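Me: I'm new to reading protein structures and would like to walk through one with you. Could you help me with some questions?

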Amino acid sequence: MPQAVWKPIPINFTAGGQVEVRGVVLHIMAGTLPGSDAWFRNPKAQASSHFGTGRGGQLVQWVDTKDKAWTQGTGNRSWISIENEGKGGDELTIHQLERCAQILAWAHAEHGVPLQVTSDPDGRGLGHHAMGGKAWGGHSMCPGSRIILQKPEIVRRARIIAGQESGPVPWPGRLLRYQTGVPLMYGQDVRTWQAALTAAKFPVKIDGYFGSKTRTATRAFQRDERLVDDGIVGPVTWRAGVQK
Ligand SMILES: [Zn+2]
């Protein structure tokens, strides 16, 4: 998946073992992203996942989706897995929620996964580990009830990304910022942000270049919204400006 940092693991998966893709399954690591990365490279683990998210929005891919990751027992052969950094009982952060939506939207385009919630191991769509019961390892607390409650929001975001539902433009998945010493960040996403700033009474030139004036206006906007005024547009600032 192009938005993910590819960090392939040499062991703990079955090459070519993905016989079908019914959907995407949410997990909680009960640990950290670096911890999972190290564990999946350990021969003792006998475990892995296709994707991993960090609470700050990191997205890594350990296993190709043609291959079978070892995450959820008999569900492995037909489901793509996402391990989310955090401990039992946590909610996904807004960053993780957006990442899970991106993966689901990608799985829809790549593998035809329907953009819907499911809690049925024979169903299709966005599932979660505990739904597989004993056959999936009996992990009744994975990923926990608070994340299960976030499934409809993940699906909704994925539907917007896929253009199936109209709604506010989702965060583009990269931090928009002013950078010195390198070419200015440029793109349609910057243009969208500049239009949002202008609409929010912090007018800037809508040219698609994230220059110092866009940074200054972003800081003023953030102060007005009582956000951290770092001048960097992550999902929280984006949501406050674009997704009114
Ligand atoms: Zn799990």
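This is a predicted model: local features need pLDDT of at least 70, side-chain atom pairs count only at pLDDT 80 or more; totals for chains, interfaces and linings use all residues.

Me: What is the phi of Lys201 near?

Reply: Lys201 is a residue other than glycine, yet its phi is positive. The value is near 70°.

Me: Let's zoom out. How many helices and strands does the protein chain have, and what is its radius of gyration?

Reply: The secondary structure comes to 7 helices and 8 strands. Along the principal axes, the C-alpha atoms fill a box of roughly 55 × 35 × 30 Å. For 244 residues, a compact globule would have a radius of gyration near 18 Å, and this agrees with the chain's 19 Å.

Me: In what order do the strands of the open sheet stand, and which strands are at the edges?

Reply: The open sheet is formed by 6 strands with mixed pairing, in the order 1-5-4-7-3-8. The edge strands have a single partner strand each, so one side of each is left without a neighbour in the sheet. These edge strands are strand 1 (5–6) and strand 8 (125–128).

Me: Which residue is the bridge partner of Val5 in strand 5?

Reply: Strand 1 pairs with strand 5 (residues 59–61) in the parallel sense, over 2 bridges. Within strand 5, the partner of Val5 is Val60.

Me: How many residues of strand 7 are buried, and which ones lie on each side?

Reply: Strand 7 is mostly covered, with 6 of its 6 residues buried. In a regular strand the side chains alternate between the two faces of the sheet. Here both faces are covered: one side has Trp79, Ser81 and Glu83, and the other has Ile80, Ile82 and Asn84.

Me: Which residue stands opposite Glu83, and which is the bridge partner of Phe51 in strand 7?

Reply: Strand 3 and strand 7 run parallel and are joined by 6 bridges, with His27 opposite Glu83. Strand 4 (residues 51–53) also pairs with strand 7 in the parallel sense, over 3 bridges. There, the bridge partner of Phe51 is Ile82.

Me: Which element supplies the largest share of the largest nonpolar core?

Reply: That core has 29 residues, and among those touching the most other members are Val24, Cys100 and Ala101. Strand 3 (23–28), strand 7 (79–84), helix 2 (94–111) and helix 4 (151–161) each supply at least two residues of this core. The largest share, 8 residues, comes from helix 2.

Me: Is Gly125 buried or exposed?

Reply: Gly125 is found in strand 8, and its contacts beyond four places in sequence include Gly23, Val113 and Pro114. The C-alpha atoms of Gly125 and Val113 are separated by 5.8 Å, although these residues are 12 apart along the chain. With 21 other C-beta atoms within 10 Å, Gly125 is buried.

Me: Last one! Within what arc do the buried residues of helix 7 fall?

Reply: The buried residues of helix 7 (residues 235–242) are Pro235, Thr237, Trp238, Gly241 and Val242. They line one face of the helix, because seen down its axis they fall within an arc of 160°.

Terms used: Residues are numbered from 1 along each chain as its sequence is written. A nonpolar core is a set of buried Ala, Val, Leu, Ile, Met, Phe, Trp, Tyr and Cys residues joined through C-beta atoms within 7 Å. A residue is buried if 20 or more other C-beta atoms lie within 10 Å of its own, exposed if 12 or fewer, and partly exposed in between; C-beta atoms are placed from the backbone. Helices (H or I, at least four residues) and strands (E, at least two) are DSSP runs, numbered from the N terminus. Two strands pair if DSSP finds at least two bridges between them. Two residues are in contact if their C-beta atoms, placed from the backbone, lie within 7 Å. The radius of gyration is taken over C-alpha atoms; the globule rule is 2.2 Å times the number of residues to the power 0.38. The arc is that of the directions from the helix axis to the C-beta atoms.
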